[in-house]
Amino acid sequence: VWKDRKRIIFGLPWTFTKYGLSQDRIFIETGILNLHENEVRLYRIMDVSLERKLWQRLFGLGTITCYSSDKSMGVFQIKNIKAPSEVKELISSYVEEERSRKRVTSKEFIMDDGFGEDDSESDIDSGDVL
């Protein structure tokens, strides 16, 4: 669905980090001689945020941070990519679609008065541990 490379100064793609998005996974490939590829299932992503520093805004770049329940990746970043707002929205829509398709819900806890009581009610997961 989407592919890009991590970019460096002036927005040039002179790095060996590649990103990809399919309808159910995000891929991150790093290295030149020794390749290392990670993937995260979209239904495991809990939150997505975007950061654009001044120099990134000057060159139309941004960094997307994904918070996942994946054991090997956890929190990971998609660094210095072009059109970051559009990519973030694309990831968010695919995450919601995949979570809905798999009937996965996340349990959110709301702290009341700092005493750690859970005031929220959550749905039962579809057997996946998040």
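Trainee: With which side chain does the side chain of threonine 65 make a polar contact?

Mentor: In this predicted model, threonine 65 belongs to strand β6, which covers residues 61–68. Once neighbours within four places in sequence are left aside, the residues in contact with threonine 65 include Val75, Phe76 and Gln77. The polar contact, at 3.3 Å, joins the side chain of threonine 65 to the side chain of glutamine 77.

Trainee: How far apart in space are leucine 12 and asparagine 80, C-alpha to C-alpha?

Mentor: In sequence, 68 residues separate leucine 12 from asparagine 80. In space, taken from C-alpha to C-alpha, the distance between leucine 12 and asparagine 80 is 9.7 Å.

Trainee: Which residue in β3 is the bridge partner of leucine 21?

Mentor: Strand β2 pairs in the antiparallel sense with β1 over four bridges, and in that direction leucine 21 of β2 stands opposite tryptophan 2. Strand β2 also pairs in the antiparallel sense with β3 (residues 25–30), again over four bridges, and β2 and β3 form a hairpin with three residues between them. Within β3, the bridge partner of leucine 21 is isoleucine 26.

Trainee: What is the area of the nonpolar surface patch that includes leucine 58?

Mentor: Leucine 58 lies in helix α1, residues 54–58, and with a relative accessibility of 63% it counts as exposed. The patch is made by Leu58 together with Ile9, Phe10, Leu54, Trp55 and Phe59. Its area is about 650 Å².

Trainee: What pattern does the protein chain follow when read along the sequence?

Mentor: The protein chain has two helices and seven strands, and 32% of its 130 residues count as buried. Among contacts with a separation of 6 or more, 36% come from residues 24 or more positions apart. Read along the sequence, the pattern is β-β-β-β-β-α-β-β-α.

Key
Residues are numbered from 1 along each chain as its sequence is written. This is a predicted model: local features need pLDDT of at least 70, side-chain atom pairs count only at pLDDT 80 or more; totals for chains, interfaces and linings use all residues. Side-chain values use heavy atoms; hydrogens and water are left out. A polar contact is a pair of N or O atoms within 3.5 Å; within protein, one must be able to donate a hydrogen and the other to accept it, and residues adjacent in sequence count only if both atoms are side-chain atoms. Contact means heavy atoms within 4.5 Å. Patches are made of residues with over 30% relative accessible area and no salt bridge: like charges are joined within 9 Å, nonpolar side chains (Val, Leu, Ile, Met, Phe, Trp, Tyr) within 5 Å. Accessible areas come from the Shrake-Rupley method with a 1.4 Å probe; for residues, only the protein chains shown count as cover. A salt bridge is a side-chain nitrogen of Lys or Arg within 4 Å of a carboxyl oxygen of Asp or Glu. Buried means under 20% relative accessible area, exposed over 50%, partly exposed in between (1.4 Å probe, protein chains only). Two strands pair if DSSP finds at least two bridges between them.
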